[in-house]
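Please open the model in your viewer and keep the sequence panel beside it.

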Amino acid sequence: MTVIPGPFPPVLEVENLCIAYADSSGERRAVHDVSFRINPGEVVALVGESGSGKTTTAQSIIGLLAANGRVERGSIRLNGTDIARWTDRQLDTVRGARISLVPQDPGSSLNPVKTIGSQLGEIFRIHGALRSDEIEARVISLLARVGLSEPALRARQYPHELSGGMRQRVLIAIAIALKPQLIIADEPTSALDVTVQKRILDLIDELRAEYGAAVLLVTHDLGVAADRADRIVVLKGGRIQEQGATGAVLAAPRSPYTRQLLADAPSFTAPLRLAAVRPSIASAPDDIVVVEGLVREFVREGGGSALRAVDDLSFRVRRGTTHAVVGESGSGKTTTIRSIVGFDRPTAGRIAIDGIDVSGLTGEGLRQFRRKVQLVYQNPYGSLDPRQNVLQIVTEPLTNFLGLRRSDREEKARTILARVGLPEEALGRRPLALSGGQRQRVAIARALVLDPQLVVLDEAVSALDVSVQARILDLLDELQSDLGLTYLFVSHDLAVVRQISDTVSVLKDGRLVDGGTVSDVFENPRSDYTRELINAIPGRKRRAAA
Amino acid sequence: MTTFETLHEDAVADARRESNRRSSAASRLRRLPVGLALSWLILGTVVLWAIAPSLFSAFNPLQGVGGEQLQRPSAEHLLGTDALGRDLYARIVHGAVHSLTGAFVAVGLGLVLGTALGVIAGSVQRRLDDAIMRLVDVLLSIPPLLLSLSIIILLGFGTVNAAIAVGVTSVAGFARLARAEVVRVRRSDYVEAAFGSGGTFASVLWRHVLPNSLTSVVAFAALQFGSAVLQISTLGFLGYGAPPPTPEWGLLIAEGRNYISTAWWLTTAPGIVVVLVVLAANRVSQSFGKVAA
């Protein structure tokens, strides 16, 4: 691939980069002949799904490949100097000072036993950039610059005292402290709520403009890339599929993979369903879920007033439709659904599922109730027993309820596994040997094998890549129309909600702030909070252009 | 490596079957560290001593030969003879069965009783949990040797009673570990999901909680094996174990003590055997922990 020289010398030039990882069976190449360049002040997005080599590429630039990784050939030129084979000692002079990194997970990227101030001050100490008496003042001004309130107080606090968004701001402060020429942002917002995500990306944009730094934005979300990047590099399986100016790539994608990504990104797709397409909504007044005046309080340890996680929440869901419960972390959406599936007892209020009052159920009654309502968890890595194989996982609910013979149970499990699109050879495998999308299919199969009436999906697709997410959403939609299921879909992602839901409830701080059909809520949001959530959906630039 | 291969066949067939299931045994052997191989070799030899002692030594461990008292180690008597003219090597080989069964009974008792207590404490409501765990705390607060001595005085002397006494001291450790593991596993999504798909308390406990929480308990049991050998020998040394002339290792050390200035090998040889077995058991249990992690 030839690189056309720009008007300025590029900050970073990656040429024919090949990276391999060593494992027990030899070396496996993860990045093949990747070439791209970043000009000063430019934002370049590396887009791809997990396993596409985008993080490997980003790590190699700053010399942080995993111990078994190796740059096989190619060059990484920073201002014309090839740093691809530099030792750690040489790289230390560059890291933080000329290239810096905003890591992916703000939860684990800060040292829990040191204060924010000392961690931020460390970068000045390491590079000997400031005298020690100047450091404190500089730290506080930086914390103020990245938008933290009461910076002097924050500098004395520990990471656990800050929210995820605040921690990410601290990490950004560390990254910009020495005014580097290039900031590598590795999925900087994927662990954050949508509105926080938007604010963090706005901050990175703002700082880039102020300091004139170039940004390499690593993301799986084409919507984010569309909004923020000047140029996009699309990676798949370690190879560049396509690269070019953002507008051009989005308007006329050349590679089929980019077209696929565009089709899968929920922020770009049109709603799957409109009220008119689903006549059942209007005609059948049959409510399968009735929640009235739900209140759940948690007693705080050490006294004090009780914490109200859910405050006077009411909504109804018609049979055969999808209802979305939307809110950010701490909005009470998880508490609500835990009450609905009978894992948690509400403090007050009434929940009726298919005419059965859930809060009155105990023991065997509760066990029988579970046949009607099934929950699919957010994290397919945690919700499957690592010691069972796929077939055992899916037959287990049948063993619990129906007095079927073993062969009949397995027959039924096989049918449902085929229905969710899991290959036959996967049946004997354990969850560890499956991909995230396959695991979530297993979890869905386990939920469906008892023929439930209501399936509660707790952020069931948010841990998955966009293309996998799109496949799972298609599957859910198909299963709903075939089996007449009702879904209660919990999510923080409004783009996904708009795609698959009929009705929606928006929660904030345990209260219902907006509710109704999806088109109503999206077109005429009644609360500022809903408007903020809608504005935070990435990919608006592209939608505006389209 | 050849000696190891042959011994490996008989002694640790179980472990081998296990490893066959997980990955090919051949590739596993190639990566086997030397220390671990040696540890298996030692444990394997000791197990063989216990199973078929007469294969290793032709001498009678209980009857002395007149005129051959307190001989130095030689080609005939590998480790010399004791004050009654009994071959020391033969006594160590024949003593393995006493020390090993003692250790097995002790660990088995601790494992079963301790794990049962821990699993119950970890899965029931707060109050019973508290009651069980405070009882365990009380057990932990008594020095183990004092506890085993008191139990032996209550039960009477003998190999099995000594083993029970040692086993009781490890109940608390097993209970703590098992409870911690059960509490961790119980909080996981898959256990809640199992309740969600209609599992009863007992079936979820059996199918999900137990298999997922026992890995570290098993590794701990292997570790306890070494210290049980040591504790049983200690009791034997103090005269609370099997009565003479049983060739129990602790007793051998105690008997040899009287001749330490003239016949040092009488205490040293059984002492080294005990140390090697304990170290080997520790190394092997460490490798269990690694596989689990």
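In S5(A), which residue is the bridge partner of Leu78(A)? Select Thr81(A), for that is the partner of Leu78(A) in S5(A).

Before going further, note that this is a predicted model, in which local features need pLDDT of at least 70, side-chain atom pairs count only at pLDDT 80 or more, and totals for chains, interfaces and linings use all residues. Residues are numbered from 1 along each chain as its sequence is written, while chains are lettered from A and ligands numbered from 1 in the order in which they are written.

Now display S4(A) (residues 69-78) with S5(A) (residues 81-82), which run antiparallel and are joined by two bridges; strands are DSSP runs of E of at least two residues, helices runs of H or I of at least four, both numbered from the N terminus, and two strands pair if DSSP finds at least two bridges between them. The two strands form a hairpin with two residues between them, and in the turn Asn79(A) has a positive phi of about 50 degrees.

Next, show both chains: 19 residues of chain A are in contact with 15 residues of chain B (C-beta atoms, placed from the backbone, within 7 Å). On the chain A side, H14(A) gives the largest share, four residues.

Finally, select H11(B) (residues 249-257), where eight of the nine residues are buried, among them Trp249(B) and Glu255(B) (buried: 20 or more other C-beta atoms, placed from the backbone, within 10 Å of the residue's own).

Methods
Buried ≥ 20, exposed ≤ 12 C-beta atoms within 10 Å, placed from the backbone. Contact = placed C-beta atoms within 7 Å.
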